[in-house]
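Keep in mind that the model is a predicted one.

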Amino acid sequence: MIPRLTLLPLLSFFLLLTVPAAPAQADLMAQPGWKVMKTQHGYTDLVARLEKAIADNKMGLVARASATLGAKKVLKKDIPGNTVIGVYRPDFAVRMLEASVAAGIEAPIRFYVTENADGTADLSYKTPSHVFAPYADGGQALKDLAAELDVIFAKIAAEAVGS
């Protein structure tokens, strides 16, 4: 009989062999409903281009969170560029809430700018239709709103990553 203490490391080893390796970070964002756009722009440039595209498309930049800035300021640590930018507009907010109060938790809808090891940056976002899909109580009105936002978000993204 094999003592229990020697079985545990052996069992752990075989479990590790059967568990697939974790996918790369980029693969995690390449899921249904996500748009991931690789660019040749640097991180700071892509953030500025995104801000301009948001304004040019008459949407509001209503929230910003940067792990990069927080880590630098609070922890005195440098990490690759990482910014989340929330985008919305009051008329869309009113229509969304008229359709579904519960869907209000999803506003603003976010763009995500991430810096790569080679100095380029990627732009990612979940499509508004994907974000609002779970809210069946919103009916056709919320679906129509999401479809309008899909077009606007795609345009903002295309302008931000364009040459």
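Leu 149 lies in helix α7, and with a relative accessibility of 0% Leu 149 counts as buried, the cut-off for that class being under 20%. Once the neighbours within four places in sequence are set aside, the residues in contact with Leu 149 are Met 59, Tyr 88, Phe 92, Ile 109, Pro 128 and Phe 132.

Two packed helices are described by the angle between their axes and the distance between the axes. For α5 and α7, the axes come within 8 Å and cross at roughly 150°; as angles over 145 degrees are classed in this way, the two helices are therefore roughly antiparallel to each other. The crossing of α5 and α7 is left-handed. On the α5 side the residues that meet α7 are Phe 92, Arg 95, Met 96 and Ala 99, and their counterparts in α7 are Ala 141, Leu 142, Leu 145, Glu 148, Leu 149 and Ile 152.

Which residues have the most contacts inside the largest nonpolar core? That core has 33 residues, and those with the most contacts inside it are Leu 50, Met 59, Phe 111, Leu 123, Phe 132 and Leu 149. At least two core residues are supplied by each of α3 (43-56), β3 (82-88), α5 (90-99), β4 (109-115), β5 (120-126), α6 (128-132) and α7 (139-161), and the largest share, ten residues, comes from α7. In soluble globular proteins, nonpolar side chains tend to be buried together. Phe 132, again leaving aside neighbours within four places in sequence, is in contact with Tyr 88, Met 96, Ala 103, Glu 106, Ile 109, Leu 142, Leu 145, Ala 146 and Leu 149.

The strands can be taken next. Five of them form an open sheet in the order β1-β5-β4-β3-β2, with antiparallel pairing. Because β1 and β2 (60-66) stand at the edges and each has a single partner strand, one side of each is left without a neighbour in the sheet. On average, and with direction ignored, neighbouring strands of this sheet are turned by 20° against each other. Helix α3 packs on the sheet and touches β1, β2, β3, β4 and β5, while the direction of α3 makes about 120° with that of β1.

Strand β1 (residues 34-42) pairs with β5 in the antiparallel sense over six bridges; Trp 34 stands opposite Lys 126 in β5, and Gly 42 stands opposite Thr 120 in β5. The pairing of β4 with β5 is likewise antiparallel, over five bridges, and here Phe 111 stands opposite Tyr 125 in β5. These two strands, β4 and β5, form a hairpin with four residues between them, and in the turn Gly 119 has a positive phi of about 95°.

Conventions: Residues are numbered from 1 along each chain as its sequence is written. This is a predicted model: local features need pLDDT of at least 70, side-chain atom pairs count only at pLDDT 80 or more; totals for chains, interfaces and linings use all residues. Side-chain values use heavy atoms; hydrogens and water are left out. A nonpolar core is a set of buried Ala, Val, Leu, Ile, Met, Phe, Trp, Tyr and Cys residues joined through side-chain atoms within 4.5 Å. Buried means under 20% relative accessible area, exposed over 50%, partly exposed in between (1.4 Å probe, protein chains only). Contact means heavy atoms within 4.5 Å. Two strands pair if DSSP finds at least two bridges between them. Axes are lines fitted to C-alpha atoms, for helices over the stretch in contact, and angles run from 0 to 180 degrees between N-to-C directions. Angles under 35 degrees count as roughly parallel, over 145 as roughly antiparallel, 65 to 115 as roughly perpendicular and the rest as oblique. A crossing is left-handed if the near helix is turned anticlockwise from the far one by less than a right angle, and right-handed if clockwise.
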